[in-house]
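The report below describes a protein chain through its pocket, its nonpolar cores and a pair of loop residues. Please read it with the sequence and the structure at hand.

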Amino acid sequence: MSPSARTYLSKALSIMEKHSLVRHRIDWAELRSRAFSQARGAQKAADTYGAIDSALYALGDGHSAFWEPEQARERFGAFPVNLDGLEGRSLRSGVGYISLPGVQGSQDTYDQYVRQGRGAVAKAGADDACGWVVDLRADTGGNMWPMLAVVGPILGDGKVGAFVDADGSKSVWSIKHGSPYKDGKSAGWGDGRPLAKTDSPVAVLTGEHTASAGEAVAVSFRGRPDTRFFGEQTSGVPSGNMPYHLSDGAVLVLTEVKDADRTGRAYDAPIPPDVEIIKDPRPVARHRDEVLQAAQSWLLQHGGCRRP
């Protein structure tokens, strides 16, 4: 193995050993030995990619990843982003509906997401909604902070969750004036537009594609008063990743923390809904949304949405 390849692989393994969420459960001498054995004869950084992938898989956290330089450019680049799934509308009887897709990209992408998302909340009924449906079924993850900047006014101000690392140290998520903060520091985007009706009931929709940052948003609603979850259990990676940019442009995406809700409960598995509703696979039910229907029914029997 060339000195440069050895240095590259050693750095990647050292990042894992120092920061991984599961670092206390790993035999690092054995993992390093296997990685260097797999990369035997490597002459350049790219020759060690397979060993790095294998080491990440051996961690067993189910969430860490390795992006080669071209993949990293695609993930973080300023490319056109399709935000068609980010929408808001007013449902029958005064219920507001907002759907959040996943988002990953540049700062410009996140700024666009927040602008469009806050506009969707306003369209859905910021001035008069009696309750809310927050649809996370297509939220495959990415960056949680733009998502929280959109739904912050619905969540309400105060502590909404936390990251917990391998040593039990916590980093608190909170909402202030409708905008997200981490350990008291603003995540950006300024104050969110306040809702005319605060503390409205919320129905959160989840499914098997609700993952990573999408699960973090779901966790932020856990423990919120007058909130109920409908649909299917989430993907099962309610944890936070940190990207480490390596010397050749590749990125090591390492799982470092798990998500905890406002009550202190931490999550490390699929999050089940309060009301499980499995999609009817028959063609006749293709255009029927039983999950949304159940959520609306609950809201219309609850709090300010109740009808005589």
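A residue counts as exposed when its relative accessible area is over 50%, and as buried when that area is under 20%. The model to which these terms are applied here is a predicted one.

**Two loop residues**

Thr-263 lies in the loop between β12 (251–261) and β13 (266–267), and because its relative accessibility is 59%, Thr-263 counts as exposed. The side chain of Thr-263 makes a polar contact of 2.6 Å with the side chain of Asp-261. Thr-263 and Arg-75 are 188 residues apart along the chain, and their C-alpha atoms are separated by 33 Å.

His-63 is also found in a loop, in this case the one between α3 (49–59) and β1 (65–67), but with a relative accessible area of 13% His-63 is buried. A polar contact of 2.8 Å links the side chain of His-63 to that of Ser-239. When residues up to four places away in sequence are not counted, His-63 touches Ser-212, Val-237, Ser-239, Asn-241 and Thr-255.

| Residue | Partner | Polar contact |
|---|---|---|
| Thr-263 | Asp-261 | 2.6 Å |
| His-63 | Ser-239 | 2.8 Å |

**The largest pocket**

The largest pocket has a volume of about 1,200 Å³. Its lining is made up of 42 residues, of which Gly-142, Gly-240, Asn-241, Met-242 and Pro-243 are the closest to the centre of the pocket. Strand β11 (residues 239–245) gives the largest share of this lining, with 5 residues. By residue class, the lining divides into 16 nonpolar, 17 polar and 9 charged residues.

In soluble globular proteins, nonpolar side chains tend to be buried together. In this model the largest nonpolar core has 40 residues, and those with the most contacts inside it are Leu-100, Val-151 and Phe-221. The elements that give two or more residues to this core include the helices α5 (107–125), α6 (144–155) and α7 (213–221), as well as the strands β4 (131–135), β5 (158–164), β6 (170–176) and β9 (202–206). The largest share, 8 residues, comes from α6.

Leaving aside neighbours within four places in sequence, Leu-100 is in contact with a set of residues that includes Leu-86, Tyr-113, Leu-136, Met-147, Val-150, Val-151 and Val-217, and also Asp-135 and Asp-139. A second, separate core of 28 residues has among its members Ala-5, Ile-26, Ala-35 and Leu-246.

Terms used. Residues numbered from 1 in each chain as written. Predicted model: local features only at pLDDT ≥ 70, side-chain atom pairs only at ≥ 80, totals over all residues. Heavy atoms only, no water. 1 Å grid on protein atoms, 1.4 Å probe; cavity = no way out; pocket = protein on both sides within 12 Å on 5 of 7 lines; lining within 4 Å. Points joined across faces, edges and corners; volume = space filled by probe spheres on them. Helix = DSSP H or I, 4+ residues; strand = E, 2+ residues; numbered from the N terminus. Nonpolar A, V, L, I, M, F, W, Y, C, P; charged D, E, K, R; others polar. Buried < 20%, exposed > 50% of the residue type's maximum accessible area, 1.4 Å probe, protein only. Polar contact = N/O pair within 3.5 Å; in protein donor to acceptor, adjacent residues only side chain to side chain. Contact = heavy atoms within 4.5 Å. Core = buried A, V, L, I, M, F, W, Y, C linked by side-chain atoms within 4.5 Å.
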